[in-house]
Amino acid sequence: MNNYSLYPSFWLVLFTLFLTRNVSAQTNKMDTVSIYGTKNNLTIQSAVPVQILTSNELKGLNSLSVADATRFLSGVQLKDYGGVGGLKTINVRSMGSSHTQVLLDGIAVGNMQNGQVDLGKYSLENIEQISLYNGDRQALLQPAKSFASASYMYLQSKTPQFKEGKDYNLTAGLKHGSFDLINPSLLVERKINENLNATISTEYIQASGKYKFRLQDPNYDTVAYRENADIKAFRAESIINGKWLSGDWRSHVYIYSSDRGLPDAIIANRLKPTSPETGQRQKDRNIFFQSSYRKELNRYSFLVNAKYANDYTYYLNPNIIKIEGPLENNFRQQEIFLSFANQYKVTRQWGLSLSADWQWNKLNANLDDFAYPTRYTTLLALASQYKVDRVTFQSSLLATLIQDHAKHDAGAGVKRRLSPTFSISWQPFTYQDFRIRAFYKNIFRMPTFNDLYYTDIGNTSLRPENANQFNVGATYGKSLAKALKYFSIQADVYYNTINDKIIASPANNQFRWIMYNLDRVETKGVDVLAKVVYQPFKKANITMGLNYTFEEALDMTKNQENHQAFNRGQQIPYIPKHSGSLIVQMDYRSFRLNYSFLYTGERYSQAANRADNYLQPWYTHDISIGKEDLTFTGKVKLNLMLEMNNFLNQPYEVVKNFPMPGRNFRIRISFKY
């Protein structure tokens, strides 16, 4: 571990740009841009619920990473273990983190080891748009893997825009704030010629993570400091966009490296003294290369995607001593992903697509008696979309074949599934402002490598989860010429069932998990989203967004084994019945004022809904004020933003025994040329 570096292969990114300097191609917007269209039309006309956060909205959300921004999406529970370096995963409509697939520029971000995608690793510096879909996205030309989950989060990278006579853009930024946060970043966009452009984005994050929190006991009430929550992380990306043989292509190199502390849980209001020298540590290194190519030929079009990922995780626990010394675990994951998607427009109203994916995953570790699993996944998706008059109907059938092999045992064997999906959008009246939508989706989730093979915990006979989703909703959106520029509302009622649900809960830290099954979980819920754009006078705009979710996710287990049925009819862990958010953004000329409010209702940390597992409701208020496009030395523009998060200093826990920061501050400065 002495050779572990926080700055791996940075020159590889620069070298990628150098290699493309003389390549001749035509700049074109990628598929991920054209699919979305305008935000308002998509959210209203979609047959499945979709939420979109644009780059303009992301600027005002006091968000440091993608994880922070997703807190404001309806029906989403973010598991956050505190601070800049804390693990952050999302759970959509109580389906579990592994049922939400995260895609970066249309290609899935994976973690076959534990199924958890840490959204805290993904910065907003190079993100143009975040979209969340429940059910399948209304697009035919996409990989089969885009049909293989219950919900999807699409992260769209920025596409460079150049002013006339200018062949590069440069943005240098710095964030500094509470808990010793230092976060410099650099974004360079280069028009190599009239036919090709490239982007380099780099970022470094360092923070002590040392923040105050409240310790209460029947005998005392005091303030303590969170220890061993520090992080040092470096990210570098290179993206190349162009055209080859009259088709669009994009290549993306991504490098991330981090060294962080894993703070202990606060058990029984007792603080165990730890530090970066004595506490548990985790180091990560993530590298991937992905490329896509799309071509249209009259009625026929195709999309080719390829990806290679290499991930490394190091875990140190000095409190567990073995014969050879403290516990040290090394995990190495590799992934190869290939996809070929085809679309054919039979008529102007009817389109068909066929997608085929192949994926290889392998996990190595230095654990005793480790299984060294390998997984081969083949996906085939047949999809159809038909539009007639005011009705849009889409259906798909996904065939999944999974083969697991393990070194020391038979592994999980072969799993085969067929998963259908149906969706419909109906415009009942002649005007397009109001629509009714509905969808049904069946999907299954294969257990992760940790679920099946982790030493002393894994169970190779574990059954996959089988999920059914039902959704009925209505949308209304209206653009107006008066001071009230736009108004929209979406309301959806949903019912989900999961059989053989796998529950993952943290043990005494973020790295160690305990897995157990629930025979059946039933979820009933309502999502309501409203948005208003108001212009009180010229050059002034007020945008307000309100999200509310009611969710009843009940353990309906009938199995008497292990006394699981004792919790029948009770809310599953960490799912609040009531949650919501309010966002207000006010712009006047180049001044901006942002306010956001988050609310999460009462929850339980365990399957048994009793007093010792009860978690109180919590809420936070955030505010920021800034000035954009300040002229600085001629062509250089300065943006300045001051943030105050949780300004009422509300004490709260997202995950039990992991206290969150109180009132904290941050300043954002960026120079654009």
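Trainee: How many salt bridges does the structure hold?

Mentor: The structure holds 27. This is a predicted model: local features need pLDDT of at least 70, side-chain atom pairs count only at pLDDT 80 or more, and totals for chains, interfaces and linings use all residues. Residues are numbered from 1 along each chain as its sequence is written, and side-chain values use heavy atoms, with hydrogens and water left out.

Trainee: What makes lysine 478 and aspartate 433 a salt bridge?

Mentor: The term requires a side-chain nitrogen of Lys or Arg within 4 Å of a carboxyl oxygen of Asp or Glu. Here the closest N and O atoms are 3.3 Å apart, so the pair counts.

Trainee: Why is aspartate 433 called buried?

Mentor: Buried means under 20% relative accessible area, exposed over 50%, partly exposed in between (1.4 Å probe, protein chains only). Aspartate 433 has 15% relative accessibility, so aspartate 433 counts as buried.

Trainee: And why is lysine 478 called partly exposed?

Mentor: Its relative accessible area is 31%.

Trainee: What about arginine 610 and aspartate 612: which distance applies?

Mentor: The closest N and O atoms are 2.9 Å apart, and the two form a salt bridge. Arginine 610 has 48% relative accessibility, so arginine 610 counts as partly exposed. Aspartate 612, at 47%, also counts as partly exposed.
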